[in-house]
Amino acid sequence: MSSPSRANPRFSSLGEGNHDGVPAHVAAVCGLLAPLTYGAALLFGGLLQRDAFSNANDSISDLGADTAGSPWLYNRLGTNLTGILIVVFALALWRALSPDVLGRVGAGMLVLQGITLFLEGFFPLDCQGIDAGCENTSWQSEGHRWVSRFTVAGLLLAPIVLAFAFRRIPRWRDTWLLTLVSVPLGIATSVIFSAIGEGAATRAGAVVWFVWLGFLALRLPQKSRQAHLAAQPA
């Protein structure tokens with residue numbers, strides 16, 4: 001019989017993989033898919049609304065309202081699935097930035113961002129703004145407003161905290177400035193598109209945020225590989 005110290009390396013690597021969690025390349029795929037699922041929900045959800053609906057003027061949340069055309073597209077694809085993808089990616093980022101405390105806080109905020117987006121799909125509005133007499137006074141509409149507030153807060157705060165965390169970690173330092181710039185860039189983009197309408201402004205700002213998320217997803221496998229090589233004995 002072989003001794004425990006000479007265990008089959010294939011089984012050892014499997015055990016290490018389970019201990020380490022989701023591999024970086026799998027998490028990166030999730031991070032890259034999130035912008036696609038959210039963008040598809042905005043695009044196709046907007047196309048399936050009534051003629052009176054305006055993507056330039058009406059709220060993104062209206063796509064998932066009970067009176068919307070095919071609300072499942074936004075609620076299941078744009079919030080539930082996208083939220084899960086963000087959480088998976090953020091958990092891998094949390095592991096990659098450990099043990100840095102600020103890095104863990106920033107990645108944790110990104111986890112919460114995914115959770116709040118996921119929950120948003122279970123609290124749809126009662127009606128769309130184009131509906132006559134629409135008031136959205138039910139408990140689910142109130143829940144939607146509260147969840148949306150946390151989602152918006154995460155859009156602004158998570159990149160800021162992560163930017164300063166990246167600045168502290170040598171292998172991530174080349175990512176901090178672009179991460180920090182993504183916040184004023186998103187605000188500026190929203191301001192520019194507000195000339196078209198309020199709906200266009202929020203959609204443009206969301207697109208910038210998801211582009212930044214995809215940028216981080218591309219970086220994750222590279223940075224994880226660098227950390228792995230640095231940890232190897234000389």
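This is a predicted model: local features need pLDDT of at least 70, side-chain atom pairs count only at pLDDT 80 or more; totals for chains, interfaces and linings use all residues.

User: Is Thr 37 buried or exposed?

Analyst: The cut-off for buried is under 20% relative accessible area. Thr 37 comes in at 11% relative accessibility, so the residue counts as buried.

User: Which residues does Thr 37 touch, not counting those up to four places away in sequence?

Analyst: Helix α3 covers residues 72-97, and that's the stretch to look at here. Leaving out residues up to four places away in sequence, Thr 37 touches Leu 77, Gly 78, Leu 81, Thr 82 and Leu 85.

User: Where does α3 bend?

Analyst: End to end, α3 has 26 residues and reaches 35 Å between its first and last C-alpha, close to the 38 Å expected. There's still a bend of about 30° in α3, and it sits at Thr 82.

User: What about helix α2: how far apart are its end C-alpha atoms, and where does it bend?

Analyst: At 1.5 Å a residue, the 24 residues of α2 (residues 24-47) should span 34 Å, and the end C-alpha atoms are 35 Å apart, which agrees. The helix does bend, by about 25°, and a proline, Pro 35, follows within four residues of that point. So for α2 the distance is 35 Å, and the bend is at Leu 33.

User: Which cysteines form a disulfide, and what is its handedness?

Analyst: Two sulfur atoms within 2.5 Å make a disulfide, and the sulfur atoms of Cys 127 and Cys 134 are 2.0 Å apart. By that rule the count comes to one disulfide. The torsion about the S-S bond of Cys 127 and Cys 134 is about 90°, so the disulfide is right-handed.

User: Which peptide bond is cis, with omega near 10°?

Analyst: Look at the loop between α3 and α4 (101-120), where you'll find Pro 99. With omega near 10°, the cis peptide bond runs from Ser 98 to Pro 99.

User: Phi of Ser 70 and of Asn 136 is positive; what is the value, and how accessible is each residue?

Analyst: Ser 70 is in the loop between α2 and α3, and its phi is near 50°, in a residue other than glycine. Asn 136 is in the loop between α4 and α5 (139-168), also not a glycine, with phi near 50°. As for relative accessible area, Ser 70 is partly exposed at 29%, whereas Asn 136 is buried at 13%.

User: Last one: which backbone oxygen lies 2.7 Å from a polar atom of the side chain of Thr 189?

Analyst: Thr 189 is in helix α6 (residues 176-193), and at 15% relative accessibility it counts as buried. Leaving aside neighbours within four places in sequence, Thr 189 is in contact with Ala 204 and Val 208. The backbone oxygen 2.7 Å from a polar atom of the Thr 189 side chain belongs to Leu 185.

Technical notes. Residues are numbered from 1 along each chain as its sequence is written. Side-chain values use heavy atoms; hydrogens and water are left out. Helices (H or I, at least four residues) and strands (E, at least two) are DSSP runs, numbered from the N terminus. The expected span of a helix is 1.5 Å times one less than its number of residues. The bend at a residue is the angle between axes fitted to the seven residues ending there and the seven starting there. Buried means under 20% relative accessible area, exposed over 50%, partly exposed in between (1.4 Å probe, protein chains only). A polar contact is a pair of N or O atoms within 3.5 Å; within protein, one must be able to donate a hydrogen and the other to accept it, and residues adjacent in sequence count only if both atoms are side-chain atoms. Contact means heavy atoms within 4.5 Å.
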